[in-house]
Amino acid sequence: MARTDNMVHNPIIAAKTWRAFQVKILRREFGATGMLNSGRVIGLALFIAAALCPFYLSEFKVGLIGLGLTYGLFAVGLDLAWGRTGIISIGQAVFFGLGTYGVAVALVRHGTALVGGVIGVALAAILGAFTAAVGLRRVTNPSTMAVLTLAITLLAEKVARDWWSVTGGSSGLYVPPLTSTYSYYYTCFVATNCVVVLLWFFVLRRPLGNRLTAIRLNDRRAEHLGIPIFRERVVAFTLSAVISAIAGCLSAPWMSSVSPDRVGIVLSTQVLVWVAVGGRATLLGPFVGAVALTYGQDALASSMGNSYLLMLGVLFILSVLLVPNGIAGVFRTGPQLADTTPKGAAESHSPRPPDTGEVLTAAAIVKRFAGNTALDGADLRVEACEIVCLIGPNGAGKTTLLNILSGAIGCDAGTVTLRGERIDTAPPHRRVAAGLARTFQIPSLFPGLTVAEHLILARQEAGMAVPLPDAYARLERDYSGRRVEMLSLSDRRSLEIAMALCSQPAVLLLDEPAAGLARHEADALAKTLRTLRDQVGCAIVCVEHDMEIVRDLADRVICLHRGRVISEGTMDQVSANAEVRRAYLGLA
């Protein structure tokens, strides 16, 4: 009662208590869904300011912001490829320029801007798909795409300068002035928002958006989770080209002329700066970076002359050093993935029918690295629900064999068969779909994502949400909202196994699962894996150096030496083999 009376007679305490109560209610109502966070509040405020700017700014400044909005959409296109998928594009201006030139050529030839824009966007889509198909193949390295896009933008700028009958050469094409700056501003404003909304609801909040994030964070783990990374990268880059071309179509009327610099390296570099300063992998960041730097560039140019380029460079360096995630990245909160967990799948899904006989067979596997033979005719057969441990000295070829089974690398000779079907030429994601899952010696997870988000990805790719065994369900129950960097090594290994189990594999490949664990943790792991085998009904192939773990875990042991199988049987039979004792145990 004394506390209540004090609140009534002290308005300051009463006001603070009321505000705390309001915050508590708001967090309860909106916090769980992510509807209330600083990023969205700022985004809403900027949206309102952009919608109302024609009412309080001059026509020139409205035109400048309108151009900044179209540049922001251009930056969104680059962000889809670079910020969200990790594809480096140094020639994004080519796609922007195709849209710009499409509209300009149509207007010069007394056609309709819409038809010219459609043709420009279609050409950008074709060029984007072709570029991605060539530059993102498995045989290429990450720098290939950067070099390829750079070459394309240099070629496009050369064509734009020399094909004067169509492009107007170095002088460019004259674009008729706008009849109404304000009305066209709202046309760009509405069109830009429509593109962003469609991107949000049909890409970023769908399985494709989750896959792109997974590919950016850890493409190897994504592929072995069942994600076709080549296909999704091609789709993402093609969409980024289309969005950039649409931005080019909208920007053409803001320009007095369309010249070759619209497809050149300078604009390609500028859009990289807009995305980096504004914030990668955010919808708000590209617009913040593009509008702020476009508007600021005009202000600095009028007051500082050519020195403004130096000032912009200094500002860019400072922003990268002080705000590495960009301006919008400071306010980004909430989950990075959409919840695409299949609904009702756990209740409606029937358990996988048990396998019988041999589920995995590798015959006469040969693999050479620069003339060195890692595997020399190695054979492996695994029965349904069997636990097979691969042992051998360092360099015996154990992990190489696991990599060949999972599709991480190809073999020079030999065959791999899963459930009676050959998979030795299939990519990793097809092997996952066929019933093969794996973990890595060093836990391979997605940095920055929570435990719940890892399981969302795994269940999304599995197409079902079957309950996890008790030993792994605790991760979801106790650490759902915890980022993986905060987990212990044993929990990270458990999470990786839990993700693999979401697809109900017929064969689970484990690469030294006890490495780095304490003795009691390793012993508990062996018991857990045997229980797991009985509950899930999958075979397990495990590479392990700890002989105590092997003895407790294995139904059958295979010893490799110099790429060949030198012994096979129970742990007692293998350890008694004279060749094994010489090669592995170092005994006479």
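Leu322 is exposed, with a relative accessible area of 66% (exposed means over 50%, buried under 20% and partly exposed in between, with a 1.4 Å probe and protein chains only). This is a predicted model, in which local features need pLDDT of at least 70 and side-chain atom pairs count only at pLDDT 80 or more, while totals for chains, interfaces and linings use all residues. Residues are numbered from 1 along each chain as its sequence is written, and side-chain values use heavy atoms, leaving out hydrogens and water.

**Helix 15 and its surface**
- Leu322 belongs to helix 15, residues 308-322 (helices are DSSP runs of H or I with at least four residues, strands are runs of E with at least two, and both are numbered from the N terminus).

**Arg459**
- Arg459, in helix 20 (residues 451-462), counts as buried at 10% relative accessibility.
- Leaving aside residues up to four places away in sequence, Arg459 touches Thr341, Pro342, Met464, Ala465, Val466, Leu468, Glu476 and Cys502, where contact means heavy atoms within 4.5 Å.

- Most residues other than glycine have a negative phi.
- Arg419 has a positive phi, near 55 degrees, and lies in the loop between strand 6 (413-418) and strand 7 (421-422), where Arg419 is partly exposed with a relative accessible area of 34%.
- Gln504, also not a glycine, has a positive phi of about 50 degrees; Gln504 sits in the loop between helix 22 (489-501) and strand 9 (507-511) and is buried, with a relative accessible area of 18%.
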